[in-house]
Amino acid sequence: ASWFGHVEPAAKDPILGVTEAFLADPSPDKVNVGVGAYRDDNGKPVVLECVREAERRIAGNLNMEYLPMGGSIKMIEESLKLAYGEDSELIKEKRIAAVQALSGTGACRLFADFQKRFLPDTQIYIPIPTWANHHNIWRDACVPQRTFRYYHPETRGLDFASMMDDIKNAPNGSFFLLHACAHNPTGVDPSEEQWREISYQFKVKNHFPFFDMAYQGFASGDPNRDAKAIRIFLEDGHLIGCAQSYAKNMGLYGQRVGCLSILCDDELQAVAVKSQLQQLARPMYSNPPVHGALVVSIILGDPELKSLWLKEVKGMADRIIGMRKALRENLEKLGSPLSWEHITNQIGMFCYSGMTPEQVDRLTDEFHIYMTRNGRISMAGVTTGNAGYLANAIHEVTK
Ligand code: PLP
């Protein structure tokens, strides 16, 4: 008898499918703008110099004992300074419960599990669209999902009025998932003024904001600027939750290093919440991996390495901003009558181009350009070498 005969293959992940198809294409012209990982101007993966130096310092010098259940104390301390501000009173008052997490995904999942266990009657409001995995994470944690409007297809910008309506119409005390910066997949963020209005409305409604911050520093090149939304909510006296990831901003993708933090009313509450987060982690993975946490704490804990990191993260952000300009200029030079302003207005890793699934299919079939059918271009895959080719192909299929 077969135990597993009823198990059907799972649906293919749309993004991993794009990479597979790209790898199988023998064309020398092929371009991959599907995957959300940074590439240099030659299309190659990058290891930051600050990371190399941290690894040199680790090599042979540290043991491989387990970390505490909540992860590296030093890494957490540095992460909180990065998200809440170097001199944050909240840190000094020990009001933040925080644990090391398995990158941004693990931080979101741990929070979703915490929400299910301790606030079982709450739901999560998720923006439309969002990073597809958000839906999976809260689904598997058995937290009911609602959505709020976010993106305006015509303007390819923020649908601020609808977003505010949905915030106002949600029951008081609702949980909302917000992208702290560089919204994935749209690259559309609220302005500072709009964040202030959102924060104000959250106060009126007593909503709880959970910030997913997967791109701090990667959007503008300045981690403090990219944390602006969070700082506004803190100024307004909200309690918040926050998922941090070092995948993009330190290029530590496969190391799975991140941090989950929950701001509490006082130290006593924070101690209780932290102990419960650890209790949730214990039967899942016991304690988090050590190497990435060491790399992060060495970099952020050493003023010289930290300034090297700031320089390097700005370098990545600037290259992407430069490629946005190049792509737009090339399209305009080709005489495209369409507006491509949104390419440079949007921010972060992705450009939500507005192309239809049929247009994307033509890009792939006729030009060997690989991307998800929602029209999302990973700007990290654009280079000085392929920006012209890409613009020409986009022009051809949008004529
Ligand atoms: N959240 C958002 C919005 C993302 O775009 C990503 C990565 O694509 C993540 C979280 C999680 O990434 P990781 O788990 O690699 O940190």
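Which loop is Arg156 found in? I looked: Arg156 is in the loop between β5 (151-152) and β6 (157-158). Helices here are DSSP runs of H or I with at least four residues, strands are runs of E with at least two, and both are numbered from the N terminus.

**Ground rules.** I am working on a predicted model, where local features need pLDDT of at least 70, side-chain atom pairs count only at pLDDT 80 or more, and totals for chains, interfaces and linings use all residues. Residue numbers start from 1 along each chain as its sequence is written.

I went back to Arg156, which is not a glycine but has a positive phi of about 55°. Most residues other than glycine have a negative phi, and most peptide bonds are trans. Arg156 is buried, with 22 other C-beta atoms within 10 Å. My burial cut-offs: buried is 20 or more other C-beta atoms within 10 Å of a residue's own, exposed is 12 or fewer, partly exposed is in between, with C-beta atoms placed from the backbone.

Ser286 also has a positive phi, about 70°, without being a glycine. I found Ser286 in the loop between α11 (267-285) and α12 (291-301). Ser286 counts as exposed, since 11 other C-beta atoms lie within 10 Å.

**Cis peptides.** Which residues does the cis bond with omega of about -5° join? Ile128 and Pro129. I placed Pro129 in the loop between β3 (124-128) and α6 (132-140). I also noted a cis bond from Asn184 to Pro185, with omega near 15°. Pro185 sits in the loop between β7 (175-179) and α8.

**α7 on α8.** I checked helix α7 (residues 160-169) against helix α8 (residues 192-205): their axes come within 10 Å and cross at roughly 15°. That makes α7 roughly parallel to α8. For the record, axes are lines fitted to C-alpha atoms, for helices over the stretch in contact, and angles run from 0 to 180 degrees between N-to-C directions. Angles under 35 degrees count as roughly parallel, over 145 as roughly antiparallel, 65 to 115 as roughly perpendicular, and the rest as oblique.

The α7 and α8 crossing is right-handed. In my convention, a crossing is right-handed if the near helix is turned clockwise from the far one by less than a right angle, and left-handed if anticlockwise. On the α7 side I listed Phe160, Met164, Ile167 and Lys168, which meet Gln194, Glu197, Ile198, Gln201, Phe202 and Lys205 of α8. By class, this α7 and α8 contact has five nonpolar, two polar and three charged residues. Contact means C-beta atoms, placed from the backbone, within 7 Å. For classes, Ala, Val, Leu, Ile, Met, Phe, Trp, Tyr, Cys and Pro are nonpolar, Asp, Glu, Lys and Arg are charged, and the others, Gly among them, are polar.

I tested the length of helix α5 (residues 103-118): its 16 residues should span 22 Å at 1.5 Å a residue, and the end C-alpha atoms are 23 Å apart, which agrees. The expected span is 1.5 Å times one less than the number of residues. Of the 16 residues in α5, 13 are buried, and the helix is mostly covered.

I then saw that α5 packs on α6 at an angle of about 35°, with axes 9 Å apart. The crossing of α5 and α6 is right-handed. Thr105, Cys108, Arg109 and Ala112 of α5 make the contact with Asn133, His134, Ile137 and Trp138 of α6. I get four nonpolar, three polar and one charged residues in the contact of α5 with α6.

**α12.** Is α12 enclosed or open? It is largely enclosed by the rest of the structure, because nine of its eleven residues are buried. The buried residues of α12 pack against α2 (49-58), α3 (73-84), β2 (96-101) and α13 (303-333).

I followed up on α2: its axis and that of α12 come within 9 Å and cross at roughly 110°. That makes α2 roughly perpendicular to α12. Cys50, Val51, Ala54, Glu55, Arg57 and Ile58 in α2 meet Leu294, Val295, Ile298 and Ile299 in α12. The contact of α2 with α12 has eight nonpolar, no polar and two charged residues.

**Distances.** Ala272 and Ala97 are 175 residues apart in sequence, with C-alpha atoms 8.2 Å apart.

Conventions:
Two residues are in contact if their C-beta atoms, placed from the backbone, lie within 7 Å.
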